[in-house]
Amino acid sequence: MTLTYETVDVFTETPFGGNPLAVVFGGEHLTTERMQAIAVEFAYSETTFVLPPKDPANTAQVRIFTPTREVPFAGHPNVGTATVVARRGTLFGRPVADAVRFEEGAGLVPISILSEGGTPVGAQLTVPQPFQRGTEVPAADIAACLGLSESAIRIDRHPPIGGTVGLEFILVELADRAALEAARPIRAEFESRLATRPVYDIHCYLRTGDEDEVDVRTRMFAPLDDIDEDPATGSANGALLGLLAELDGPADGMMALRIAQGVEMGRPSLLLGEVDRAGGATIAIRVGGRCVAMMRGELVMP
């Protein structure tokens, strides 16, 4: 069996920036175990498999794997996969339009293609589920997991809390830039304090000042998924957008935020977030960005 693949760096305009993604085609007959093995082989934070849709009204079924598990939804895999599919122009014998819709474990994911001069350069997804808050996590546990003092964890606006738009993360506000830059995942602390919880990946953030080119700086740590740090996490930032919209968003209208991630690990990423609000409620959350094509080739399977 010969499979084709393409890789892209997602949420960046610069090669070797952003978050790398492998997109695999032709895997209709692969078992889940073989898909997981291929994801381990690529060793990226996620690998996607583009399969025929169950409903022909949709563009494709997309399955997403980290090095340790399949996940029902993720941000940079959707943005990257949609961009790759749009650049190919056709999929399963049908032309690809300026919008696609993927079937995933968390539901249908609609995605708009971003183009310049007729060439796809990126994509913007709408999250598949409304933002939901999860359970609170003690600040002392978060501080220990990140090698920080407890005072580095801000709790005046919200405690560390689960948040999801299809995949859940612990959302943590940090006190200052020094705390953001000093944070490091301590795997032993993750294992002892978070491994038995339903959510154990930490997405920490800092609201920046007027002097910054972005509105929010973030870092995401997932050592229990064999991802010490992720350079760009659309699903986590989608959940963060939902939380920030509840805390700071307008009652009516759109809130737009520029989010930087991956800076500290040398893979700077830029995620463009939008939240639509009406009557004090969030009605849509979108995350988008640009992609850079990197590699293409074949996987020769025994």
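Leaving aside its neighbours within four places in sequence, which residues is Thr81 in contact with? I shall open with that question, and then turn to the chain as a whole. Please keep in mind that this is a predicted model.

Thr81 is found in helix H2, which covers residues 75-88. Beyond its sequence neighbours within four places, Thr81 is in contact with Leu21, Val23, Thr48, Val50, Val62 and Phe102. Its relative accessible area is 0%, so Thr81 is buried.

Let me now describe the overall form. The protein chain contains six helices and 20 strands. A compact globule of 302 residues would have a radius of gyration near 19 Å, and the chain agrees with this because its own value is 19 Å. Taken along the principal axes, the C-alpha atoms fill a box of roughly 55 × 45 × 35 Å. Of the 302 residues, 56% count as buried. Consider next the contacts between residues at least 6 apart in sequence: 65% of them join residues at least 24 apart.

The surface and the charges may be taken together. The side chains include 25 positive and 41 negative ones, yet the centres of the two sets lie 2 Å apart.

I turn to the interior. In soluble globular proteins, nonpolar side chains tend to be buried together. Here the largest nonpolar core has 55 residues, and Ile111 and Leu125 are those with the most contacts inside it. Helix H6, residues 234-248, gives the most to this core, with seven residues. Apart from it lies another core, of 24 residues, including Leu146, Ala152, Leu174 and Cys204.

What does Leu125 touch, if residues up to four places away in sequence are not counted? Its partners are Phe73, Gly75, Asn78, Val79, Val109, Pro110, Ile111, Ile285, Arg286 and Val287.

Next, the loop between helices H4 and H5. Two of its residues are Pro185 and Ile186. Helix H4 spans 177-182 and helix H5 spans 187-193. Pro185 has a relative accessible area of 23% and is therefore partly exposed. Ile186 also counts as partly exposed, because its relative accessibility is 34%.

Pro185 touches Asp228, together with Cys145, Phe190, Phe221 and Pro223, when residues up to four places away are not counted. For Ile186 and Asp228, which are 42 residues apart in sequence, the C-alpha distance is 9.0 Å. With the same exclusion of sequence neighbours, Ile186 touches Ala144, Cys145, Leu146 and Gly147.

Most residues other than glycine have a negative phi. Phe11, by contrast, has a positive phi, near 65°. Phe16 likewise has a positive phi, of about 70°, although it is not a glycine. Phe11 lies in the loop between strand E1 (2-10) and strand E2 (19-25), and Phe16 lies in the loop between E1 and E2 as well.

Are these two residues buried or exposed? Phe11 counts as buried, since its relative accessibility is 1%. Phe16 has a relative accessible area of 62%, and is therefore exposed.

Notes
Residues numbered from 1 in each chain as written. Predicted model: local features only at pLDDT ≥ 70, side-chain atom pairs only at ≥ 80, totals over all residues. Heavy atoms only, no water. Core = buried A, V, L, I, M, F, W, Y, C linked by side-chain atoms within 4.5 Å. Buried < 20%, exposed > 50% of the residue type's maximum accessible area, 1.4 Å probe, protein only. Helix = DSSP H or I, 4+ residues; strand = E, 2+ residues; numbered from the N terminus. Contact = heavy atoms within 4.5 Å. Rg over C-alpha atoms; globule rule 2.2 N^0.38 Å. Lys, Arg positive; Asp, Glu negative; His and termini not counted. Charge placed at Lys NZ, Arg CZ, Asp CG, Glu CD.
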